[in-house]
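Hi there,

Here is the structure I promised to pass on.

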Amino acid sequence: PESARWASVCTPTTSHHETALPLLSDGVHVVVEKPVAAALDDAQRLADAGPGRCFVAHTCRAEATTIAALAAASDALARAEIHAVHVERFERHRPLPAETPSVAEHGRLLDVLVHDISAVLDALPSATPSEVTARWDDENKRFSATWRWPSVTLVSVQHRRADYSARSVELAGAGAKWGWYLAPGTRGVWRSADDTPVELEVSWQDPTTTLLAEAHAAVAQQRTSYIDAHHGVRAMQLAAEALSALPAATFSGPFRWDYVR
């Protein structure tokens, strides 16, 4: 601690808290991979710790920089007049190892949910959702969840038996839609006011470089940041709410933090 100002924690999730907390207490600024911790209480402790600052390395969160391009294309988005957010992800099917309890599927779903929710946190209210629903289609390995607030609805869909990996985000509001997508060999940002998408110019940067530069700038300028650890806590809360909404029989038991790895 006498010579180090920064640390990066890329250990198993179950050891994030015990690794990062002493560093933060010694004044070291820490960037922790997501999820911030294996339990919500531990994640909150890291967010509240000091004098070092804790940041969460959601690489999807780096995509928040594309919102600047979207905002520049529409005053409505700049005012955050969003009423619907849709996040869709396609992933190759990865069966659980033999003899692994099916309840462990919760941990894998949460890991992806935390990523996808983090990418759109700026468009979501800080209040508790008025309703959360979730569904698992075992035949097609498809998970879908919906969070509803009075002014905004978030829908997240995971296709876990796809031939390739891809993601897309769509935000709708004030008579227009905006979004971004990432697929093998292509990525882009778009806006549509008449159901005809128009590609927007945006500079895509390496997400890890973007996150580290943001953390350094936030400390140097003594300002809040979109990767402050409390954003990671928020993403974990919303993800857990969706998994808790699944019927307990879906994976042979209710959601528990025990299986977050």
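**Helix H6 and what comes after it**

Glutamine 222, with a positive phi near 55°, follows H6. Before going further, two remarks on the basis of these notes. This is a predicted model, in which local features need pLDDT of at least 70 and side-chain atom pairs count only at pLDDT 80 or more, while totals for chains, interfaces and linings use all residues. Residues are numbered from 1 along each chain as its sequence is written, and side-chain values use heavy atoms, with hydrogens and water left out.

Which residues of H6 are buried? They are Thr210, Leu211, Glu214, Ala215, Ala217, Ala218 and Val219. (Buried is under 20% relative accessible area, exposed is over 50%, and partly exposed is in between, using a 1.4 Å probe and protein chains only.) These buried residues pack against strands S1 (6-9), S2 (29-33) and S3 (54-57).

**Backbone points to check**

Most residues other than glycine have a negative phi, and most peptide bonds are trans. Glutamine 222 has a positive phi although it is not a glycine; it sits in the loop between H6 and helix H7 (229-245) and counts as exposed because its relative accessibility is 73%. Serine 252 is not a glycine either, and its phi is positive at about 60°. Serine 252 lies in the segment after H7 and, at 63% relative accessibility, is exposed.

There are also cis peptide bonds. One runs from lysine 34 to proline 35, with omega near -15°, and proline 35 is in the loop between S2 and helix H2 (40-48). Another joins glycine 50 and proline 51, with omega about 10°; proline 51 is in the loop between H2 and S3.

**A buried arginine**

Arginine 89 belongs to strand S4 (residues 84-92) and is buried because its relative accessible area is 10%. Leaving aside residues up to four places away in sequence, its contacts include Cys60, His115, Asp116, Gln158 and Arg167 (contact means heavy atoms within 4.5 Å).

Best wishes

Definitions and conventions
Helix = DSSP H or I, 4+ residues; strand = E, 2+ residues; numbered from the N terminus.
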